[in-house]
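Here is a brief report on how two chains meet and how parts of each are built.

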Amino acid sequence: MYLAKALAKGPTACPSCGFILDDEPTACPRCGFSGEVAVRKFRFDPPELTAIIDAGQTLSADEKARLEKSLKRLGKRLPQVRFILCLVPLVPEIDLREFGFWLLNAGAMPEGDEAKSFGILFLVDSKSKRLSVTVGYGLEPMVRDSEWEEICRSLRPHFLRERYAEGMEEFVEETGKLLIERALEYKREIAKGDRR
Amino acid sequence: MRAVLLFLLLLAFGSPGGAQTLDTSSPPDDGIWDPERFLDEDYRHDIAARIDNEKVTKDFELFVVLFPHEPMAGSEVVAREAGANWATSGYWAVIYQVGAEGMPECAIGGELIELLRPDAELVIRNAKTMAWLVGTRQERLDEMVNEVATGLGFLKSRAELLAIQAGVEARKEREARKEARTRALVYLIVFSFLGLLALLGLIILFKRWREGAGPLEFPRSVPRKRLLGPHSGGGNVQVSFGEER
């Protein structure tokens with residue numbers, strides 16, 4: 001077992017105010033955000049964290065099938081990773097990062113909560129036109145926030161044209177490439193014993 | 001082998017009339033073998049002088065052999081053998097005749113003469129023709145010597161030039177072969193090296209493919225639990241995709 005800090009590609013930040021968190025506080029030292037605050041803010045039952053959550057029934061059956069196929073294919077290479085592709089219309093007042101923090105912690109996964117460690121929650125807010133990524137503690141050290149941002153920015157043309165399925169499919173593809181590369185890097189480094 | 005055969009033949013049948021036998025192993029001092037003294041002293045002197053001159057000026061070895069009678073092995077055979085054994089250079093001729101009244105003939109040999117054999121044989125034919133035209137037997141022999149000496153002497157420089165050219169060409173060929181060998185060696189080294197690099201590349205690719213072919217796992221880590229989030233600490237990623245106003 002490795003220390004997450006030792007593996008980490010970048011720092012962690014408060015999902016509410018973006019303050020860099022050096023250690024593991026129970027609440028953000030700047031804005032006071034925490035899980036308790038999130039639960040109070042989002043006073044409804046979270047949906048089950050299946051691979052595709054289409055709250056507004058926007059995707060067609062074919063589009064969902066295609067997405068599931070991509071996820072299954074990637075799942076063979078990265079069996080630990082769980083994608084949760086969530087298409088939901090939200091009001092602008094809801095901070096997508098806070099929402100993602102709440103949803104990934106509060107929602108139940110069909111495979112059990114253990115699977116959340118390497119979970120990737122990709123939120124697509126179709127109403128306020130926003131994207132966000134929230135990951136579990138296990139996957140967190142592997143990818144920097146800036147890399148997630150880069151992937152999201154590259155998908156904007158799809159979402160701008162409301163091609164949500166294509167956008168999500170490309171998210172899966174680009175994320176898959178990055179994670180495979182990262183996994184191979186870690187495999188080599190661990191083989192060399194650099195991270196002990 | 002021929003010398004042995006000749007010797008045996010001579011032993012078996014003897015030499016008729018008790019005449020001297022040509023010693024093909026050792027040349028006569030002045031280049032003239034005339035045991036029966038067919039040649040007058042004056043002619044002998046002139047011919048000897050010509051022989052010496054050709055030797056000194058052109059390194060062309062000329063011999064004169066006057067057989068008392070036809071040797072058992074044949075005058076031409078014996079003359080050739082004598083020339084081959086007596087000569088120290090690659091360019092020689094033996095003018096010979098059988099008996100005092102015989103017609104002079106010529107045998108030639110040596111590696112240089114071989115380069116121009118057709119021309120040399122033409123010289124000899126011409127010399128014989130010229131000798132025929134002359135009256136006395138001594139004059140005929142003298143004429144033959146002069147014609148052969150002049151003609152073959154003239155050809156010698158051409159033969160030497162050809163030999164030099166042949167030597168140059170042989171050297172060029174040797175150098176070309178050496179260059180080709182060197183080039184082949186260089187190609188071998190270069191392509192072997194490239195082949196090794198390619199092989200190394202393939203091995204690396206194969207290893208990469210093998211390590212990347214199957215399912216991949218991330219290392220497990222002690223989570224940095226924070227903000228009371230049991231499974232995730234949230235992220236700072238939010239990107240807008242709306243139209244910019």
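In this predicted model, 63 residues of chain A are in contact with 30 residues of chain B. Sorted by class, the chain A side of this contact has 34 nonpolar, 13 polar and 16 charged residues.

Strands also link the two chains. Strand β7 of chain A (residues 130-135) is joined to strand β6 of chain B (residues 237-240) by 4 bridges. The two strands run antiparallel. Here A:Val133 stands opposite B:Val237 in β6(B).

Chain B holds an open sheet of 4 strands. Their order is β1-β2-β3-β4, and the pairing is mixed. Within chain B, β2 and β3 run parallel. B:Phe63 stands opposite B:Val94 in β3(B).

| Strand pair | Residues | Bridges | Direction |
|---|---|---|---|
| β2(B) and β3(B) | 61-67 and 92-98 | 7 bridges | parallel |

Next, a helix pair in chain A. At what angle do α5 and α7 of chain A pack? Helix α5 (residues 145-154) and helix α7 (residues 164-192) pack at about 150°, with their axes 10 Å apart. The crossing of α5(A) and α7(A) is right-handed. From α5(A), A:Glu147, A:Ile151 and A:Ser154 take part. They meet A:Phe171, A:Glu174, A:Thr175 and A:Leu178 in α7(A). By class, the contact between α5(A) and α7(A) has 3 nonpolar, 2 polar and 2 charged residues.

How values were computed:
Residues numbered from 1 in each chain as written. Chains lettered and ligands numbered in written order. Predicted model: local features only at pLDDT ≥ 70, side-chain atom pairs only at ≥ 80, totals over all residues. Axes fitted to C-alpha atoms, helices over the stretch in contact; angles between N-to-C directions. Left-handed = near helix turned anticlockwise from the far one by under 90°. Contact = placed C-beta atoms within 7 Å. Nonpolar A, V, L, I, M, F, W, Y, C, P; charged D, E, K, R; others polar. Pairing = 2+ DSSP bridges.
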